[in-house]
Amino acid sequence: MLCSRNIEWCEKDMDSSRSLCCILLLVLFGISVQYQCSASGIDANETALLLVNASEASARKMPDTLFGIFFEEINHAGAGGLWAELISNRGFESGGHNFPSSIEPWSIIGDESSVIVSTELSSCFDRNKVALRVQVLCDSKGAKLCPDGGVGVYNPGFWGMNIEQGKRYKLVFYVRSQESINLSVGLTGSNGLKKLATVVVVAANVSNWTKVEVLLEAEGTDPNSRLELRSATKGVIWFDQVSLMPMDTYKGHGFRKDLFGMLKALKPAFIRFPGGCFVEGGWLRNAFRWKETIGPWEERPGHLGDVWNYWTDDGLGHFEFLQLAEDLDALPIWVFNNGISHNDQVDTFHVLPLVQEILDGLEFARGGSDSKWGSIRAAMGHPEPFDLRYVAIGNEDCDKTQYRGNYLKFYSAIKEAYPDIKIISNCDASAKALDHPADLYDFHIYDNASTVFSLANHFDDAPRNGPKAFISEYAVHGNDAGKGSLLAALAEAGFLIGVEKNSDAVEMASYAPLFANNNDWMWKADAIVFTSSQAYGTPSYWMQHLFKESNGATLLSSTLQANSSDSLIASAITWRNEIDDNEYLRIKVVNFGSSTVALKISISGLEQNSLQSFGATKTTLTSTNVMDENSFEDPKKVSPVETLVKQVSENMDVVLSPYSFTSFDLLRKSISIRTTTTASGLESSF
């Protein structure tokens, strides 16, 4: 540890000759590989001391649920993202029930002399009556010949479909016609010229609505593909409920594998869903209603998410969210509408029908397969109940006039039917006690980086008795965030270290928003950015990786003494690695300042010889510029870098780079040797 020791000696001695000596020593030792630190050879103009008490007497177990994730249908996170459906507006409903209505993003193949396309309320599905009418004016013979390949419609998906060579895609659509049909259905490049997969569908008797299923195998790759439905036979054809799903979704459950893998890698203890403002709606008529999102996908009416202003077919519905939680091995937290939107409210006197709707939703999740709603869940492929233990009554509604009255109606009914379910209030109780019963209270924070970092101490004086905090939405927002900056990630890391240290008052915390389609940035920044074929994690995503072992870990007592303590925050935990079964002492430190810091770490309370001299690692999240971001061109520009720590002791001297988040894992009880990993290694299982 010669690098940091000589830095400290230089600072303590003001004699010029000794200062010159120090400089020479720094030059000599800066090239030494004996001390692994990114700041080797750099003068540290700040010093600090971290005292860690590793004794059992000072330790406290943190909640198993401390860190999780929050999914909201925003930025096309689900429709066109995690939910792998490739068709946008599959039921032609997004234009509304006026006709002819818009069918975007569907477009016409041909011109007005060869094809006329419009909508009708003629579907066989009662809850989504709009169907597409395609009148083909040309033919394969005679005076009016169709252009090569025929005419019809195409769908580009969500800013292009990612079609990959050798992969299979299941196409399902409903069709009817008074005449026999001869359709060419296929996948092409964005301009329709490059043929990736084509199947001819011939049917003689489709006067009634007929379901057609086709398996398409791609003969080429194009991330900007489209689906085409063509005909070269004169006549009228009606289409409805067109779906195209990849066959390789996670466990066949409909989740896009790469995006699901990035969530799984965070090891979330819980997932909050489906919003957010998406739950409330700008108006109650557009709020998320769970009953409209279950059963066969063809029968789901879909709805306009009017807060974020796009249509969703609700293929990702109540059942799928519960399935997602189970697949992630995370506890589901269901946020439901309590009769309040952004612009209208249901009076408490009239809210009981909505209360019953939520009780039905709980039975759907938890009821036996012989119950009314549990039997519907079983018919959808999940006979066993889901492990639903938490619900949130509304989202950000505490200041609405009907909230407390409505809340109490829901609270009483749920507790009577399911006394074990923990209920989350929208009202903040971190500084003032609630005036209504709750198991947890919701806390949201979006602000600039310095404010978020300073809120690490927000829960220091929060009540330790009564409802615990659920920080369901936190993130740096505004100019400091950019599209996902290092500065934002560091501020958030400092905030989460404060959450760890106050985990006797905080039960859960989750970043927001989770996803952003690069073509639809409604909110910046986000944890994961994607297109149809690519995805990368922002620095905030990678920051969360360094907290995923905190769930259920043991928090150790730690004291930080620094001459500039406002820019430093640290915590210490012990955790067991489930891969190698080794036990580690993890020390996390955020340097939120512009100066290099020489940090002395002093560990006491360890059993004799329990700290191993090998197997220790250091993981650093930093970059050359505090506003650096990741991108599709450079997806790992700001990501964790892990190296071995070659010298380990109970008294260690380390150097913290400016604007950095550093985590030290020191091996306590060895079962096997652990190898180092990088961001690429973390993604290897996606």
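An open sheet is formed by three strands in the order E24-E25-E26, with mixed pairing; strands pair if DSSP finds at least two bridges between them. Helices (H or I, at least four residues) and strands (E, at least two) are DSSP runs numbered from the N terminus. The structure is a predicted model, in which local features need pLDDT of at least 70 and side-chain atom pairs count only at pLDDT 80 or more, while totals for chains, interfaces and linings use all residues. Residues are numbered from 1 along each chain as its sequence is written, and side-chain values use heavy atoms, with hydrogens and water left out.

E24 and strand E25 (residues 528–530) run parallel and are joined by three bridges. Within this pair, Phe 515 has Ile 528 in E25 as its bridge partner. Helix H3 (residues 257–264) lies across E24, E25 and E26 and runs at about 15° to E26; contact means heavy atoms within 4.5 Å.

A barrel is closed by eight strands in the order E3-E15-E18-E19-E20-E21-E22-E23, with parallel pairing. Strand E3 (residues 67–70) and strand E23 (residues 506–511) run parallel and share three bridges; Phe 67 stands opposite Ala 509 in E23. Helix H5 (residues 318–327) lies across strand E15 (270–273) and strand E18 (331–336), at about 165° to E15. Helix H8 (residues 403–417) also packs on the sheet, where it touches E18, strand E19 (390–393) and strand E20 (422–425), and its direction makes about 175° with that of E20.

Helix H6 (residues 352–366) and helix H7 (residues 372–379) have axes that come within 7 Å and cross at roughly 45°. The two helices are therefore oblique to each other (under 35 degrees counts as roughly parallel, over 145 as roughly antiparallel, 65 to 115 as roughly perpendicular, and the rest as oblique). In H6, Asp 360, Glu 363, Phe 364, Ala 365 and Arg 366 meet Lys 372, Trp 373, Gly 374, Ile 376 and Arg 377 of H7. By class, the contact of H6 with H7 has four nonpolar, one polar and five charged residues (Ala, Val, Leu, Ile, Met, Phe, Trp, Tyr, Cys and Pro count as nonpolar, Asp, Glu, Lys and Arg as charged, and the others, Gly among them, as polar).

Conventions: Axes fitted to C-alpha atoms, helices over the stretch in contact; angles between N-to-C directions.
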